[in-house]
Amino acid sequence: MHSTVSDGSLTPSALAGKAAEAGVTALSLTDHDSTEGLEEAESAAGWLGLEFIRGCEISANGSVDVLGYYLPRHSPLLEEALARLRNTRNVRNAAILERLASLGMPLSEEEVRAQGVNVFGRPHIAAAMLHRGYVRRLGEAFSLYLGRGKSAYVPKDVFSAEEAVSLLTGIGASSFIAHPLLLRLAEADLEKLVRRLIPIGLTGIEIYHSEHDRRGERLLLGIAERYGLLSCGGSDFHGQAKPGVELGRGRGGLRVPALVLDKLKEHRLEKGLPV
């Protein structure tokens, strides 16, 4: 789930409160390229009697995002890496806004942030374009301007998936490929990605997600079983930034069984890592 530290609409402590109301028993805040909200969320979760796992979602190339769980409380290596990612995101956003202005569609950073986010990207720029009347639908912003190869598109300068997994492995965190079905890869190509990352320390795959249907879950479970990987899951809740996704329930009755967390804990303890 994501808070106002990145692109969510609720504060870290408000998320913990909403999780408790939803009947969630264990949660992890996984803001994009940031750990800034973890202390607040962990404190609130403690007051509410919820188990809290320190996490983040690291941006990598090829639209691959890597989830990190059980982050150490103090890691200069991690914080320096995440700061670099946030800086490259800001540079990219500025370049996109500059291109839009050259196309006769000026937008200020303040207008984009008015969409209710601190860390923004193309979806939030698209929402600001819609608000200004530059496009008639959000999809039009991508198909005409922001999509890959279009006139206002600027490629991301981020880590490779290997670098993200290696970073997390090096600090004793557990790493998972985030929402793999959203990569739109053929099963064989997804397996190639998995095989590349296993020697570096990949822990598993996010199998349970708001955008994964039951058929997709079965496909991912098969890959995880073939390669001895663990499962993880979450709603990917963003609040108002992602309508229709409920915290702890996702979209369409998502349920992440407690066994997922139990197995991750067992795995970490077997490796001598803290839980």
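How many helices and strands does the secondary structure of the chain come to? Here it's 10 helices and 6 strands, taken as DSSP runs numbered from the N terminus (helices: H or I, at least four residues; strands: E, at least two). This is a predicted model, so local features need pLDDT of at least 70 and side-chain atom pairs pLDDT 80 or more, while totals for chains, interfaces and linings use all residues. Residues are numbered from 1 along each chain as its sequence is written, and side-chain values use heavy atoms, leaving out hydrogens and water.

**View 1. The whole chain.** The C-alpha trace spans about 60 × 45 × 40 Å along its principal axes. For 275 residues a compact globule would have a radius of gyration near 19 Å, and the chain agrees, at 19 Å (taken over C-alpha atoms; the rule is 2.2 Å times the number of residues to the power 0.38). Some 49% of the 275 residues count as buried, meaning under 20% relative accessible area, with exposed over 50% and partly exposed in between (1.4 Å probe, protein chains only).

**View 2. Ser3, ahead of α1.** Ser3 sits in the segment before α1 (12-21). Ser3 counts as buried because its relative accessibility is 0%. Beyond its neighbours within four places in sequence, Ser3 is in contact (heavy atoms within 4.5 Å) with Gly8, Leu10, Thr11, Pro12, Leu15, Leu29 and Asp31.

**View 3. Pro155, in a loop.** Look for Pro155 in the loop between α6 (138-146) and α7 (161-170). Pro155 counts as exposed because its relative accessibility is 54%.
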